[in-house]
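Have the 3D view open and follow along.

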Amino acid sequence: MTTTTEPAEPATSAAPTYHNVIAGERAPAVSGATFSSRNPANHEEIVGVFPRSGPADVTRAVAAAVEAFPRWRRVPAPARADLILRAGSIMQERKEDLARLMTREMGKVLEESRGDVQEGIDMAKYIAGEGRRFFGETMPSELRDKFAMVIRQPFGPVAIITPWNFPIAIPTWKIFPALLAGNTVVFKPAEDTPACAAAFVEIMHEAGLPSGVLNLVTGFGEEAGEPLVEDERIRMISFTGSGEVGREVAARGGRQLKKISLELGGKNPIIVMDDADLGLALEGALWGAFGTSGQRCTASSRLIVQRGVLDEFTAELVKRASALRVGNGLEAEVQMGPVVNQTQLERIHRYTGIGIEEGATLLLGGRVLDDAPYDRGYFYAPTIFGHVTADMRIAQEEIFGPTTVIMPVATFEEAVEVANGVKYGLSSAIYTRDINRAFAAIETLEAGITYVNAPTIGAEIHLPFGGIKATGNGHREAGTSAIREFTELKSVYIDYSGRLQRAQIDTE
Ligand code: UN1
């Protein structure tokens, strides 16, 4: 467990220096400031050094996106699609390198990093298909010799602000449809994963993307994200991240009447009924709660278990979770990597304290792993709380780490009530063999996604992704909603009668 397949670089100068990409040119921050991205499994290893961008960099990036827009929007959609498909092929060729970079930069285990890259490749293929669809609508006019249709048009320059937990997949959910629709982009990735973002932007340019169509600005939210949100030339913002920042983005952008698409937190329940296939439910809960160290918006952070199977489920889950091999995600046998950074580690541990104080029973974990071989990384033990009630903060608030809670319930109705009793509504799941219950759950669970006999994680890109309540503001990404997100509708009337025809009046 102590050896890493990649030797740690010394904390000094060996790490590569990266640049912003503005109007197709590499550029350092105007201020010259930089920051480092570090490997969360070994914080002595610097993955790269990046521009610490500020308002001046953002202004230049937006100017580049504004300038590139008139040309890019005139490129036929099938040609824009070809380029996205080419980018997808390059991602396929480089899948392993991208995955290894991702594991080094944000810690998830290699197999999951491969999945993350694959999600981006899938998105490229799916969105490329839209190049020859990009459908509008036609409908009849109420008047003779008059034609009516709805076409889709790009916004112009859009801002894309992404989190660190899916450093390739989430940018592709947003950037591919934005570009396909003819928008230009300023992309501000999370400060924890700028190397993955830079690798992706480089691939886009290798695939032939014209200068200025996709601009990369690395840095921090307050310094680079905020001026981007505030820039009045940006008409649409797509943001995935915390609820707190999301509200700020919505408030600031909303004042300028921008379209704001938010994808925020979750507190996703798995309901396990007495009649469930228990082995399957256990496998699902383990993967849903501890996959990506619980750092998914979709993580199974609440396990709502009917009393008939509670004891067996609890004992078995604790046993399986305690056997999880935690370590550097580049090592083949490791099942759970570190969490992303010190701040997250502290936050997760703080919630353990809160849970204990609230009277929940700590069944497993609840501690920072800081003895060798974990002492140079941000490792947290898989953590399970039992006897958790709906009013506890650990049952209400998003922890975003390898912590899950077991909540006993007596009936299906109670399970649904508990499941719905949080402010979020992203993903949800039920394990049951009863088809009637399964459908009742589909109907009544308050979430944008419901799984039957599968955990809350694992969305596929060709279905809409997003949630209700405090998870978002009514938008869905990917799937059939992807293009809708990034387009304005224009209604078009063509009167070929040669005379004035007044709607609502000359209708006979
Ligand atoms: C996220 O955590 O923000 O459904 C995205 C899943 C992944 C995407 C998660 N395909 O778990």
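Which residues are around the ligand?

## Who's around the ligand

Keep in mind that this is a predicted model. The residues around the ligand are E119, N165, F166, I170, W173, R296, C297, T298, I457, G458, A459 and F465.

## Polar contacts and cover

Now for the oxygen atoms of the ligand. The side chain of R296 has an N or O atom 2.8 Å from a ligand oxygen. T298 also brings a polar side-chain atom to 2.8 Å from an oxygen of the ligand. G458 uses its backbone instead: an N or O atom there lies 3.0 Å from a ligand oxygen.

So how much of the ligand does the protein bury? On its own, the ligand exposes 320 Å², and the protein buries 99% of that.

## Two domains

Zoom out a bit. The chain is divided into domain 1, which covers 37-264 + 472-490, and domain 2, which covers 269-452. Their C-alpha centres are 30 Å apart. Where the two domains touch, 21 residues of domain 1 and 26 residues of domain 2 take part in the contact.

Why does the ligand lie between the domains? Both domain 1 and domain 2 give residues to the shell around the ligand, so the ligand lies between them.

Technical notes
Residues are numbered from 1 along each chain as its sequence is written. This is a predicted model: local features need pLDDT of at least 70, side-chain atom pairs count only at pLDDT 80 or more; totals for chains, interfaces and linings use all residues. Side-chain values use heavy atoms; hydrogens and water are left out. A residue is near a molecule or strand if one of its heavy atoms lies within 4 Å of it. A polar contact is a pair of N or O atoms within 3.5 Å; within protein, one must be able to donate a hydrogen and the other to accept it, and residues adjacent in sequence count only if both atoms are side-chain atoms. Accessible areas come from the Shrake-Rupley method with a 1.4 Å probe; for residues, only the protein chains shown count as cover. Domain bounds come from an automatic or database domain assignment. Contact means heavy atoms within 4.5 Å.
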